[in-house]
Amino acid sequence: MSDRTMPAADTLSPGAPAATGAPHIDAGDAGYSKDLKSRHVNMIAIGGAIGTGLFLGAGGRLAGAGPSLAIAYAVCGVFAFFVVRALGELVLYRPSSGAFVSYAREFMGEKGAYTAGWLYFLNWSTTAVADITAAAVFAHYWSLFSDVPQWVLAMIALAVVLTANLISVKYFGEMEFWFAIIKVAALVIFMCVGIFLVVTQHEVGGHTPGLATLTDNGGMFPMGMLPMLLVVQGVVFAYASVELVGVAAGETKNPEKIMPKAINSIMWRVGLFYVGSVVLLSLLLPYTSFTGDQSPFVTVFDKLGIPGTSHIMNLVVLTAALSSLNSGLYSTGRILRSMAMAGSAPKFTARMNKGQVPYGGILLTAGFGVLGVVLNYVMPGEAFEIVLNLASIGILGTWGMIMLCSLLFWSRSKEGRVTRPSYKLPWAPYTQIVTLVFLVSVLFLMWWGGGVGRYTVNCLPLIAALLVGGWFAVRRRVNALAAPQPRD
C-alpha cells in the first residue's frame, strides 16, 4: 500500500507533485481513534509550552546569564510561536498524525520525510533521557529517596509513564490534561505569591524583593550580553514540545475548530509563564541564589521557610518532567508509524495494539530511554547537560524542517497548486526565512560557546553520515512502497 494514494495517483511518477485539488493521503493516518477532545488538545498545547526546560533548566540558566534570561525566553518564544503557527497552517490544510513528517513527504519527497522523522526521533529520544534524569534529580530532593541511586529513579519514571502511554490515546490525553492542570495551577500560585512578596517586600531568604534585587546585583546583564546569547540553545530546549499540538491533530475530531484556538493561546502563555516567572524569580532573589541542580521555584519556597511548600513545588516540577516524557513517547510513536508505513523506519514501529496505540514506535523511544538510565549510572552529574545539547540539535532540525515545509507550501500556493487555509502564518515568506536564520544562529552559538555545545555541533558530520547511511539502507523499500500499485 502506498502512502501516496490519491486521486489519479497512477498517472503520477513517485514523488511527483499532486494535481491541484488532489489531496495527499498518508497511510500512517489510518487506524487511529479520534478520542482527543478539545480540553485535551488545549491542555496538550499548554503542556507543550511549559516543560522541564523551565522547571529545572531555568535555575542553571539564571545562574549563568542572570535576569537577562527573561529576554532570551521572550525572543525564543516568538520564534517558537512562528514554528507552531506554521505547523498550525499545515494542520488546517491537512490534519495528520504524521504531522511535519507527512508534510515533508508531500512537499520534499521521501528523503525529506526520512530526514524530518529521524531528526525528530533524535530530539525526543534524547529529551526522554533528559526528562527521566530531571525526574530522578527532583526525587532526590526528598530524604526518602536521597540514598536511592539516580539511575534506579530514572528507570522507575520511565516504566510508569511507558505503561500509561501504551494503554490508549484517551489515557494519554487524560494524563496530559491533569499534568498540565497541575503545572499551570502551580505557576499561577507561584506568580501570585511572588507578586505579593514583591509588593509587600516580604523578606525571602534574607533578601528584600524588588528592583533593588536587580540593581544591586549587576542589573539585567550582570555578566554582559554574551552569557545571555550562550544560553539560547538551552532556552530553545525549553520550548521543545510546542509542535506536539500538531501531532495530536490526527487524533482529534474537528481540528479546524480546535487547533487555531489552542495554537493562538501559546503566545500569551509564553509571555505570562516563561517571561513572567523569570522576571519574578529575578526580583525575589539574586541570580546567584539559583543552581542547576534544583528547580528555581523550589529554591524560592525553600528560602521562604514555609513548612511543606517546597515539597509541594518539588512534586509539581516532578510532574512536569513526567509530562514531558509522556508527550515524547506519544509523539514519537505516531511519527515513527508514519515513517514505517513509508518504509523509512523499522517495520515493527508500524504495529498498533488493541487500544489503537502504535506501541512499536513508543517502545523504540523507551529503549533509548533505557540507554539514558545507563548514562545516569555512569555520569549522573553531567547526564542532563549532555542530552540537552543533543536534544537541541534535534529540535533545531525539526523546527527547520517545519519552516521549510511551510515555505514550500507557501510557494505552491502562489503557483495555484494548493490552497492555503484561512488560518495563515503571518508575513510569509519572510517569517519562515527569518526563523531559519535564527535557527542557524542558535547552532552557531552552541559551537561558539565551547564545552559540551561545541562537541555536540562537531558531531553534526557524524549525524549526517548516519542519516545518509540509513537512507541507503531503506531507500529500496521506500521506493517500492511509494511506487503505484498495480490494479487487479
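**Aromatic residues and a nonpolar patch**

W447 lies in helix α17 (helices are DSSP runs of H or I with at least four residues, numbered from the N terminus). The model is predicted, so local features need pLDDT of at least 70 and side-chain atom pairs pLDDT 80 or more, while totals for chains, interfaces and linings use all residues. Residues are numbered from 1 along each chain as its sequence is written, and side-chain values use heavy atoms, without hydrogens and water.

W447 is partly exposed, at 35% relative accessible area (between buried, under 20%, and exposed, over 50%, with a 1.4 Å probe and protein chains only). The charged end of R454 sits over the W447 ring, 4.2 Å from its centre (CZ of Arg or NZ of Lys within 6 Å of the ring centre and within 35 degrees of the ring normal).

Helices α9 (226-230) and α17 (430-448) each give two or more residues to the patch.

The structure holds 19 aromatic pairs (ring centres within 6.5 Å; planes under 30 degrees apart are stacked, over 60 edge-to-face, the rest tilted). F79 and F82 form an edge-to-face pair, 6.0 Å centre to centre with 85° between the planes. Both lie in helix α4 (residues 69-93), three residues apart, about one turn of the helix. Both F79 and F82 are buried. Ring pairs link F79, F82, W427 and F438 into a cluster.
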